[in-house]
Amino acid sequence: MIDVDASVIDDLVVANHILFDQGIVDAFGHVSVRHPKRPDRFLLARNMAPGIVTADDIIEFELDGTAVSDNRRPYLERFIHGEIFRARPDVMAVVHSHSPSIVPFSVVPTAPFRAVCHMCGFLGTGVSRFEIRECGSDTTDLLIRSQELGSALARSLGSSNAVLMRGHGSTVVAPDLQRAVYRAVYAEVNAKLLLDAMRLGPVTYLTDAEAESCMISTEGQVHRPWEMWKAAAIAARSTP
Ligand code: MN
(Lines give C-alpha, C1' and ligand atoms only; values in the text may rest on other atoms or scores of the structure.)
Protein backbone atom coordinates (compact mmCIF):
# COMPACT_ATOMS: atom_id res chain seq x y z
CA MET A 1 0.00 0.00 0.00
CA ILE A 2 1.38 3.39 -0.98
CA ASP A 3 1.01 5.94 1.82
CA VAL A 4 -0.34 8.94 -0.10
CA ASP A 5 -3.76 10.57 -0.52
CA ALA A 6 -5.87 8.75 -3.10
CA SER A 7 -5.98 12.00 -5.09
CA VAL A 8 -2.22 11.76 -5.75
CA ILE A 9 -2.63 8.33 -7.32
CA ASP A 10 -5.78 9.39 -9.16
CA ASP A 11 -4.05 12.42 -10.68
CA LEU A 12 -1.12 10.27 -11.79
CA VAL A 13 -3.53 7.86 -13.48
CA VAL A 14 -5.28 10.81 -15.17
CA ALA A 15 -1.90 12.18 -16.29
CA ASN A 16 -1.14 8.84 -17.98
CA HIS A 17 -4.48 8.90 -19.79
CA ILE A 18 -4.19 12.54 -20.86
CA LEU A 19 -0.71 12.02 -22.30
CA PHE A 20 -2.00 9.08 -24.33
CA ASP A 21 -5.18 10.89 -25.42
CA GLN A 22 -3.17 13.94 -26.50
CA GLY A 23 -0.78 11.83 -28.57
CA ILE A 24 2.30 12.49 -26.44
CA VAL A 25 2.85 8.86 -25.43
CA ASP A 26 1.77 5.72 -27.25
CA ALA A 27 2.51 2.25 -25.89
CA PHE A 28 5.77 3.78 -24.62
CA GLY A 29 6.68 6.78 -22.50
CA HIS A 30 5.91 7.43 -18.83
CA VAL A 31 5.02 10.03 -16.23
CA SER A 32 6.04 10.16 -12.58
CA VAL A 33 5.39 12.28 -9.52
CA ARG A 34 7.60 12.73 -6.47
CA HIS A 35 6.19 11.15 -3.30
CA PRO A 36 4.53 14.06 -1.42
CA LYS A 37 5.71 12.86 2.01
CA ARG A 38 8.98 11.17 1.04
CA PRO A 39 11.06 13.38 -1.27
CA ASP A 40 13.48 10.45 -1.65
CA ARG A 41 10.81 8.40 -3.41
CA PHE A 42 8.61 8.67 -6.47
CA LEU A 43 5.52 7.07 -7.98
CA LEU A 44 5.41 5.57 -11.46
CA ALA A 45 3.26 2.96 -13.22
CA ARG A 46 4.49 -0.59 -13.69
CA ASN A 47 5.78 -1.61 -17.14
CA MET A 48 2.68 -1.07 -19.31
CA ALA A 49 1.08 1.23 -21.86
CA PRO A 50 0.14 4.57 -20.22
CA GLY A 51 -3.33 4.67 -21.80
CA ILE A 52 -4.55 1.72 -19.72
CA VAL A 53 -2.89 2.48 -16.36
CA THR A 54 -5.14 2.15 -13.28
CA ALA A 55 -4.55 3.05 -9.62
CA ASP A 56 -3.50 -0.54 -8.91
CA ASP A 57 -0.66 -0.24 -11.42
CA ILE A 58 1.22 2.51 -9.58
CA ILE A 59 4.48 1.49 -7.89
CA GLU A 60 6.52 3.42 -5.29
CA PHE A 61 10.26 3.64 -6.01
CA GLU A 62 13.44 4.73 -4.27
CA LEU A 63 15.43 7.30 -6.25
CA ASP A 64 17.89 4.57 -7.31
CA GLY A 65 15.03 2.81 -9.14
CA THR A 66 14.41 0.09 -6.55
CA ALA A 67 10.70 -0.70 -6.18
CA VAL A 68 9.40 -0.31 -2.62
CA SER A 69 5.76 -1.30 -2.82
CA ASP A 70 5.89 -4.49 -4.93
CA ASN A 71 7.97 -6.49 -7.37
CA ARG A 72 6.03 -6.27 -10.61
CA ARG A 73 8.06 -5.57 -13.74
CA PRO A 74 9.08 -1.88 -13.81
CA TYR A 75 9.89 0.38 -16.74
CA LEU A 76 13.45 -0.11 -17.99
CA GLU A 77 13.89 3.66 -18.07
CA ARG A 78 12.71 4.42 -14.51
CA PHE A 79 16.24 5.80 -13.89
CA ILE A 80 15.26 8.88 -15.90
CA HIS A 81 12.83 9.78 -13.15
CA GLY A 82 14.84 8.82 -10.07
CA GLU A 83 18.04 10.54 -11.13
CA ILE A 84 16.24 13.75 -12.16
CA PHE A 85 14.36 13.83 -8.82
CA ARG A 86 17.72 13.34 -7.09
CA ALA A 87 19.47 16.10 -9.04
CA ARG A 88 16.60 18.60 -9.03
CA PRO A 89 14.87 19.16 -5.67
CA ASP A 90 12.56 21.71 -7.38
CA VAL A 91 11.14 19.05 -9.72
CA MET A 92 7.99 17.29 -8.54
CA ALA A 93 6.92 15.59 -11.79
CA VAL A 94 8.64 14.19 -14.88
CA VAL A 95 7.31 13.15 -18.31
CA HIS A 96 9.43 11.07 -20.68
CA SER A 97 8.09 10.60 -24.19
CA HIS A 98 9.00 9.91 -27.79
CA SER A 99 6.50 12.54 -29.04
CA PRO A 100 7.28 12.54 -32.73
CA SER A 101 7.63 16.20 -33.75
CA ILE A 102 10.36 16.76 -31.16
CA VAL A 103 12.58 13.89 -32.32
CA PRO A 104 13.85 15.73 -35.46
CA PHE A 105 15.24 18.48 -33.22
CA SER A 106 17.07 15.84 -31.17
CA VAL A 107 18.98 14.62 -34.23
CA VAL A 108 19.87 18.00 -35.76
CA PRO A 109 22.14 19.77 -33.28
CA THR A 110 22.09 23.00 -35.30
CA ALA A 111 18.26 23.26 -35.18
CA PRO A 112 17.43 25.38 -32.14
CA PHE A 113 14.56 24.06 -30.04
CA ARG A 114 13.33 27.18 -28.30
CA ALA A 115 10.02 28.88 -27.59
CA VAL A 116 8.25 30.20 -30.69
CA CYS A 117 4.88 31.04 -29.15
CA HIS A 118 3.50 32.32 -25.88
CA MET A 119 2.07 28.95 -24.80
CA CYS A 120 5.56 27.45 -24.83
CA GLY A 121 7.42 30.01 -22.75
CA PHE A 122 8.72 27.26 -20.45
CA LEU A 123 11.12 26.25 -23.25
CA GLY A 124 12.85 29.62 -22.95
CA THR A 125 15.64 30.35 -25.40
CA GLY A 126 16.70 26.75 -25.67
CA VAL A 127 16.53 23.40 -23.96
CA SER A 128 19.26 20.93 -23.07
CA ARG A 129 20.53 18.09 -25.21
CA PHE A 130 21.64 14.61 -24.22
CA GLU A 131 24.04 12.56 -26.38
CA ILE A 132 24.23 9.01 -25.06
CA ARG A 133 27.46 8.38 -27.02
CA GLU A 134 29.20 10.78 -24.66
CA CYS A 135 28.57 8.25 -21.89
CA GLY A 136 31.26 6.04 -23.39
CA SER A 137 29.55 3.82 -25.96
CA ASP A 138 28.17 4.09 -29.48
CA THR A 139 26.55 0.66 -29.33
CA THR A 140 23.68 1.31 -26.87
CA ASP A 141 19.98 0.90 -27.69
CA LEU A 142 19.65 4.60 -26.68
CA LEU A 143 17.57 3.68 -23.61
CA ILE A 144 18.29 4.98 -20.11
CA ARG A 145 18.74 1.52 -18.62
CA SER A 146 20.93 2.32 -15.61
CA GLN A 147 21.42 4.76 -12.78
CA GLU A 148 24.65 5.90 -14.48
CA LEU A 149 22.80 6.83 -17.68
CA GLY A 150 19.99 8.45 -15.67
CA SER A 151 22.52 10.51 -13.80
CA ALA A 152 24.20 11.57 -17.06
CA LEU A 153 20.81 12.57 -18.46
CA ALA A 154 20.07 14.61 -15.32
CA ARG A 155 23.45 16.36 -15.72
CA SER A 156 22.59 17.20 -19.34
CA LEU A 157 19.18 18.53 -18.25
CA GLY A 158 20.90 20.89 -15.81
CA SER A 159 18.51 23.65 -14.78
CA SER A 160 16.37 23.41 -17.96
CA ASN A 161 12.72 22.42 -18.14
CA ALA A 162 13.34 19.95 -20.95
CA VAL A 163 16.09 17.83 -22.45
CA LEU A 164 16.20 16.41 -25.97
CA MET A 165 17.53 12.84 -26.14
CA ARG A 166 19.26 12.23 -29.47
CA GLY A 167 17.44 9.75 -31.69
CA HIS A 168 15.07 8.85 -28.87
CA GLY A 169 12.74 11.53 -27.53
CA SER A 170 12.60 14.06 -24.74
CA THR A 171 12.01 14.53 -21.04
CA VAL A 172 10.23 17.50 -19.46
CA VAL A 173 10.12 18.45 -15.78
CA ALA A 174 7.93 20.74 -13.69
CA PRO A 175 7.16 21.82 -10.13
CA ASP A 176 3.86 19.88 -10.22
CA LEU A 177 2.13 17.16 -12.19
CA GLN A 178 -0.35 19.36 -14.05
CA ARG A 179 2.43 21.56 -15.35
CA ALA A 180 4.55 18.56 -16.36
CA VAL A 181 1.66 17.28 -18.49
CA TYR A 182 1.06 20.77 -19.88
CA ARG A 183 4.73 21.12 -20.81
CA ALA A 184 4.85 17.71 -22.47
CA VAL A 185 1.82 18.58 -24.61
CA TYR A 186 3.05 22.05 -25.51
CA ALA A 187 6.63 20.98 -26.20
CA GLU A 188 5.14 18.87 -29.00
CA VAL A 189 3.02 21.87 -30.15
CA ASN A 190 6.14 24.05 -30.19
CA ALA A 191 7.96 21.48 -32.33
CA LYS A 192 5.15 21.42 -34.90
CA LEU A 193 4.95 25.23 -35.06
CA LEU A 194 8.69 25.53 -35.35
CA LEU A 195 8.94 22.95 -38.14
CA ASP A 196 6.28 24.93 -40.06
CA ALA A 197 7.89 28.30 -39.39
CA MET A 198 11.37 27.13 -40.45
CA ARG A 199 9.99 26.23 -43.87
CA LEU A 200 8.77 29.81 -44.35
CA GLY A 201 11.95 31.66 -43.44
CA PRO A 202 14.13 32.86 -40.60
CA VAL A 203 12.29 32.47 -37.30
CA THR A 204 11.78 35.15 -34.66
CA TYR A 205 11.90 33.38 -31.31
CA LEU A 206 10.75 34.59 -27.93
CA THR A 207 13.42 36.36 -25.93
CA ASP A 208 14.35 35.12 -22.47
CA ALA A 209 12.24 37.83 -20.86
CA GLU A 210 9.24 37.17 -23.11
CA ALA A 211 9.49 33.45 -22.48
CA GLU A 212 9.59 34.02 -18.72
CA SER A 213 6.56 36.37 -18.81
CA CYS A 214 4.62 33.97 -21.01
CA MET A 215 5.43 31.01 -18.78
CA ILE A 216 4.14 32.82 -15.71
CA SER A 217 0.88 33.90 -17.35
CA THR A 218 0.02 30.68 -19.18
CA GLU A 219 1.03 28.25 -16.45
CA GLY A 220 -0.99 30.22 -13.91
CA GLN A 221 -4.03 28.86 -15.76
CA VAL A 222 -2.83 25.29 -16.13
CA HIS A 223 -5.98 23.95 -14.45
CA ARG A 224 -7.92 24.96 -17.59
CA PRO A 225 -6.28 22.61 -20.10
CA TRP A 226 -5.91 19.97 -17.36
CA GLU A 227 -9.69 19.85 -16.74
CA MET A 228 -10.43 19.84 -20.46
CA TRP A 229 -7.87 17.14 -21.27
CA LYS A 230 -9.07 15.09 -18.30
CA ALA A 231 -12.69 15.23 -19.51
CA ALA A 232 -11.60 14.35 -23.06
CA ALA A 233 -9.51 11.40 -21.85
CA ILE A 234 -12.39 10.08 -19.71
CA ALA A 235 -14.81 10.47 -22.64
CA ALA A 236 -12.41 8.69 -24.98
CA ARG A 237 -12.05 5.78 -22.55
CA SER A 238 -15.79 5.40 -22.05
CA THR A 239 -16.60 5.43 -25.78
CA PRO A 240 -17.23 1.85 -26.91
MN1 MN B 1 12.20 6.16 -24.00
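Visitor: Which residues line the largest cavity?
Guide: Bear in mind that this is a predicted model, where local features need pLDDT of at least 70, side-chain atom pairs count only at pLDDT 80 or more, and totals for chains, interfaces and linings use all residues. Residues are numbered from 1 along each chain as its sequence is written, and side-chain values use heavy atoms, with hydrogens and water left out. A cavity is a set of points on a 1 Å grid over the protein atoms alone where a 1.4 Å probe fits but cannot get out, and a lining residue has an atom within 4 Å of a point. By that test the lining is F130, I132, L142, M165, R166 and H168.

Visitor: How much space lies in that largest cavity?
Guide: The count gives one cavity of 30 Å³ or more. Volume here is the space filled by probe spheres set on the grid points, which are joined across faces, edges and corners. For the largest cavity that comes to about 30 Å³.

Visitor: E77 and H96 tie together parts how many residues apart in sequence?
Guide: Helices (H or I, at least four residues) and strands (E, at least two) are DSSP runs, numbered from the N terminus. E77 sits in the loop between β3 (58-62) and α2 (78-87), while H96 is in strand β4 (residues 93-97), so the parts that the pair ties together are apart in sequence by 19 residues.

Visitor: And are those two buried or exposed?
Guide: Buried means under 20% relative accessible area, exposed over 50%, and partly exposed in between (1.4 Å probe, protein chains only). On that scale, both E77 and H96 are buried.

Visitor: Which side chain makes a polar contact with the side chain of E60?
Guide: E60 belongs to strand β3 and is buried, at 5% relative accessible area. A polar contact is a pair of N or O atoms within 3.5 Å; within protein, one must be able to donate a hydrogen and the other to accept it, and residues adjacent in sequence count only if both atoms are side-chain atoms. At 2.9 Å, the partner of E60 is R41.

Visitor: What residue follows α5?
Guide: At the other end, the start of α5, a side-chain oxygen of D176 comes to within 3.2 Å of the backbone nitrogen of Q178. After the helix comes a residue with a positive phi, near 155 degrees: G201.

Visitor: What is phi of L142?
Guide: L142 lies in the loop between β5 and α4 and is partly exposed, at 22% relative accessibility. Most residues other than glycine have a negative phi. The value for L142, a residue other than glycine, is positive, near 75 degrees.

Visitor: How far apart in space are A174 and A93?
Guide: A174 is in strand β7 (residues 169-174) and is buried, at 3% relative accessibility. Although 81 residues separate A174 and A93 in sequence, their C-alpha to C-alpha distance is 5.6 Å.

Definitions and conventions: 1 Å grid on protein atoms, 1.4 Å probe; cavity = no way out; pocket = protein on both sides within 12 Å on 5 of 7 lines; lining within 4 Å.
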